[in-house]
Every structure is written in structure tokens, then in C-alpha cells.
Amino acid sequence: MTNTGMSRVAIVTGAARGIGAGTAVRLAADGHAVAVLDLDENACKDTVERITAAGGRALAVGADVSDADQVARAVDRVADELGPPLVLVNNAGVIRDNLLFKMTDADWDTVIGVHLRGAFLMSRAAQAHMTAAKFGRIVNLSSSSALGNRGQANYSAAKAGLQGFTKTLAIELGPFGVTANAVAPGFIATDMTAATAARMKVDFETFQKGAAEHIPVRRVGTPEDIAHTISFLVSEGAGFVSGQVIYVAGGPLD
Ligand code: NAP
């Protein structure tokens, strides 16, 4: 374990795979006890095993972040079994890409429901523990798509919405020692971007090479790139960084 600071209880949503799994593993290596939350509790086993094999502490929690009752039960369970969650990473996400004229009501509601309503429900449940402890760290996963992306009217609206949500949490919760920040990744190699490549009928390797050519550092990102930034934002020393959106994209975006 790298254990660079105080040990807290952290919840990472959507942590069965991808960026969430990388973040859960990193926060555990930093010394935190981590609730690995995803839709299916069984799917969390791999991440939990990676953490425990490295000597860390983790708990698999199954919950749909867009369901208020499941969120309340999940956060209560984490508080009972690991302790009050003082770090929350709202990472769970889905895509339902389509051009506006083909986008269905369900495509819109699902994406807004998981990203925006999910982050709202999780943050509302967790803030009770944070404000009581006079310490908390919330990180929301935004995206470079917040700046606009063809075929992602639902997703870009959700990811831009999360930026406003983050800034408001920073204002409301700051007096209680709680910071809120957003990390906005560019292209990260995960199942989500692999699914996009598959939908566009491009081999994933070719898709990544094509993307890398347009990124100043000439490579695509990894879950560890995002986990590193989140590790900083939730650290003890980052208490004066709040309400920020950090693009982690291998170059500037505008
Ligand atoms: P991923 O590999 O698809 O993983 C997302 C995880 O979230 C999956 O395990 C998924 O579970 C889970 N999830 C979906 N809906 C959920 C719900 N309602 N409740 C709980 N968990 C749920 O995605 P990723 O690429 O790691 O992305 C993680 C986050 O970063 C997302 O918010 C995404 O929008 C954001 N992001 C990603 C990129 C990128 O390039 N990859 C770029 C910018 C932002 P199931 O497998 O069961 O669906």
C-alpha cells in the first residue's frame, strides 16, 4: 500500500470495471476502505479481490444509483459494515448514443437518470455522514463530451449538468469541510469506448490509434490516469480545491 494520508471510508460507484475499478484499487492502495458499488454485487468481486489481494479493505455493494431506495440502503450498509463514508466518487455511467432525431425518450431518461439523478441521490445520502464528521470529499465524473459531442445529446447534457451540480455542492457543503470537484476525462480505454468502437464497426485498436493522433500527448488515457487525479482530489491536502472541473485528456480542451 502507498498509504499517503488518513484512512477513510470511500464509495466508488460503477466500480466493477473501467475507471471505477481503477479508482477503487487506487483509493484502497492510498489506505482507504472502499465500497465497490455497482448494479450487480457479483460483478464487483474482481475489484474487491484485486484490493484484498494487495492487502486492502473492500466491500462489494450491489445497487442501482438511479433508485432512491437502493441508494439509501447501500449507503446505510456501507456505514454499518465499513464506517461512515466520507469520500464519494460518482462514476457509474451508461451511454445510449444516437443523433437527436433518432434518440428515444428511454435513451434520454436512462442516461440522465444514471449520471445526474444517480450522482444527486448518492451525494444526498452520503453528505449526512460527511457534514456530521465535518470532513468530506465528493468527486463527480464529467467528460470532455460536456463541451458537446455529436450523437450524445443526452450524455453531454448529463456531463455538463454534473459540472453545475459539482459547483453547487462545493458552495453548499464547503462550510462543513466537504469539497466537491469534477474530473472530466477525454478518451479512456475501457469497455465504454470499446462499445463505441464496436458500434462504429471499427476495431478497438484502430479506434484508439485514431484517437491518439488527435491527443497532444499522443496516447489515449487509462483508468489509472483518472484514478491518479481522483486520488489527489480526495486527499487530505486538497481541502482548498473545490468546485473545480479538471479535464484529464492529454491536452487542453475548449
Ligand atoms: P464502463 O467501463 O462502462 O463502467 C461503468 C460502470 O458503471 C459499469 O460497471 C456499469 O455496470 C456501472 N453502472 C451503470 N449503470 C449503473 C447504475 N445505474 N448503478 C450502478 N452502476 C452502474 O465505463 P467507464 O468508461 O469506466 O466510465 C466511467 C465513468 O467515466 C462514466 O461516468 C463515464 O461516463 C465517464 N467517462 C468515461 C470516458 C471514457 O473514455 N471511457 C470518458 C469520459 C467520461 P454494468 O456493466 O452492469 O452496466
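Which residues of helix H2 (residues 45–53) are buried? Select H2 and find Thr47, Val48 and Ile51. Buried means under 20% relative accessible area, exposed over 50%, and partly exposed in between, with a 1.4 Å probe and protein chains only.

Some ground rules before moving on. This is a predicted model, in which local features need pLDDT of at least 70 and side-chain atom pairs count only at pLDDT 80 or more, while totals for chains, interfaces and linings use all residues. Residues are numbered from 1 along each chain as its sequence is written, and side-chain values use heavy atoms, with hydrogens and water left out. Helices (H or I, at least four residues) and strands (E, at least two) are DSSP runs, numbered from the N terminus.

**Stop 1: helix H2**

Look down the axis of H2. The arc is that of the directions from the helix axis to the C-beta atoms. Now turn to the other side of H2, where Asp46 and Ala53 are exposed. Next, show helix H1 (18–29), strand E2 (33–38) and strand E3 (58–62): the buried residues of H2 pack against these. Contact here means heavy atoms within 4.5 Å. Then step to Gly55, which follows H2 and has a positive phi, near 90 degrees.

**Stop 2: the cavity**

Select Thr13, Val65, Asn90, Asn91, Ala92, Val114, His115, Gly118, Ala119, Met122, Lys159 and Leu162, which line the largest cavity. The elements giving two or more residues to this lining are H4 and H5. H4 gives the most, with 5 residues. The volume of the largest cavity is about 50 Å³. The count is 1 cavity of 30 Å³ or more.

The terms work as follows. On a 1 Å grid over the protein atoms alone, a cavity is a set of points where a 1.4 Å probe fits but cannot get out; a pocket is an open set with protein on both sides within 12 Å along at least five of seven lines; lining residues have an atom within 4 Å of a point. Grid points are joined across faces, edges and corners, and a volume is the space filled by probe spheres set on the points.

Colour the cavity lining by class: 6 nonpolar, 5 polar and 1 charged. Ala, Val, Leu, Ile, Met, Phe, Trp, Tyr, Cys and Pro count as nonpolar, Asp, Glu, Lys and Arg as charged, and the others, Gly among them, as polar.

**Stop 3: the second largest pocket**

Keep helix H4 (105–133) and helix H5 (153–173) on screen; each supplies at least two residues of the lining of the second largest pocket. Select Phe120, Ser123, Arg124, Gln127, Phe165, Thr168, Leu169, Glu172 and Leu173 to show that lining. Which helix gives the most to it? H5 does, with 5 residues. The classes here are 4 nonpolar, 3 polar and 2 charged. The pocket holds about 160 Å³ of space.

**Stop 4: the aromatic pair**

The structure holds 1 aromatic pair. Select Phe187 and Phe207: the pair is tilted, at 5.6 Å centre to centre and 55 degrees between the planes. Rings of Phe, Tyr and Trp (its six-membered ring) pair if their centres lie within 6.5 Å; planes under 30 degrees apart count as stacked, over 60 as edge-to-face and the rest as tilted. Phe187 sits in the loop between strand E6 (178–185) and helix H6 (191–199), and Phe207 in helix H7 (residues 204–212), 20 residues apart. Both Phe187 and Phe207 are buried.

**Stop 5: helix H7**

Stay with H7. Its buried residues are Phe207, Gln208, Ala211 and Ala212. Down the axis of H7 they fall within an arc of 135 degrees, so they line one face of the helix. H6 is included in what covers them. On the other side of H7, Glu205 and Lys209 are exposed.

**Stop 6**

Go to Val234, in the loop between helix H8 (223–233) and strand E7 (245–248). Is Val234 buried or exposed? At 2% relative accessibility, Val234 counts as buried. Leaving aside its neighbours within four places in sequence, Val234 is in contact with Leu27, His32, Val87, Arg137 and Val139.

Most residues other than glycine have a negative phi. Lys134 has a positive phi, near 55 degrees. Find Lys134 in the loop between H4 and strand E5 (136–141). Its relative accessibility is 54%, so Lys134 counts as exposed.

Finish at Arg218, in the loop between H7 and H8. Its phi is also positive, near 60 degrees. At 57% relative accessibility, Arg218 counts as exposed.
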